[in-house]
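Please open the structure in your viewer and keep the selection panel at hand. The stops below are meant to be followed in order.

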Amino acid sequence: MSKPTNYTPIDAVKVLRKELEKLFEGKTFSGQGGNKQLKFFEFEFPDDNGNDEDVDTLAAAAPFVLVKAAGWSTDIEEPEIIDMSMVICTYQTPARSKEEIEKLKKEPALLDLYNIMQDISQHFKVYNVFGDYFNVLMPITCVIQQDDTKPYYFSTVQMDVTGPSMSRENNPEVEALT
């Protein structure tokens, strides 16, 4: 049985999330309540359930990566180009003692943010295909938010990827339109 050849930006988001989960498996980063594994979300942030008591606990969302397709372009005979964005957030737990203040002077949440961006960009620089059919195009752009949103730190990794084309040869619906 051959693989289907028509993959959408929705598929790219889902497959990229799985690739990122594998990349960061077992690694921990700065978040509410201490270091913890990254959480991954697709398309949108989850609904706020109003659990304010979770704000500085392990139940809170940060650190996280939001994976989404910011847009795409398509042409009948060319591969689809998908603008993939990964919004990254880490959280600096406030210091509660003199010892913690000294320990946190380097702001590990900010350093974690840089490390996450670097891990993503280096991974896809070396392994530029994910899900067997999405190809990462260079350059990969990493941007740190410039606004002061402490104790939250945000960044974005953006990369264009190509997906299989929806040509006449591999899509009967396109063939029917011509």
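This is a predicted model: local features need pLDDT of at least 70, side-chain atom pairs count only at pLDDT 80 or more; totals for chains, interfaces and linings use all residues.

Residues are numbered from 1 along each chain as its sequence is written, and side-chain values use heavy atoms, with hydrogens and water left out.

Of the 178 residues in the chain, 37% are buried, where buried means under 20% relative accessible area, exposed over 50%, and partly exposed in between (1.4 Å probe, protein chains only).

Next, select strand S5, residues 80-91, which is largely enclosed by the rest of the structure because 10 of its 12 residues are buried. S4 and S5 form a hairpin with six residues between them, and Trp72 can be found opposite Ile82 in S5. Then bring in strand S9 (residues 152-163), which pairs with S5 in the antiparallel sense over 12 bridges, with Thr90 standing opposite Tyr153 in S9.

Now show side chains for Leu20, Ile120 and Met159, which touch the most other members of the largest nonpolar core, a set of 33 residues. Such a core is a set of buried Ala, Val, Leu, Ile, Met, Phe, Trp, Tyr and Cys residues joined through side-chain atoms within 4.5 Å. Centre on Leu20 and, leaving aside neighbours within four places in sequence, look for its contacts (heavy atoms within 4.5 Å) with Phe40, Val65, Val67, Met86, Ile120 and Phe124. Apart from this core lies another, of seven residues, including Phe41, Ala62, Leu66 and Cys89.

Finally, select helix H3 (108-126). Which residues of H3 are buried? They are Ala109, Asp112, Leu113, Ile116, Met117, Ile120, Ser121, His123 and Phe124. These residues cover an arc of only 160° around the axis, which puts them on the same side of H3; the arc is that of the directions from the helix axis to the C-beta atoms. Turn the view to the face of H3 away from its buried side, and the exposed residues Lys125 and Val126 are there.

Technical notes. Helices (H or I, at least four residues) and strands (E, at least two) are DSSP runs, numbered from the N terminus. Two strands pair if DSSP finds at least two bridges between them.
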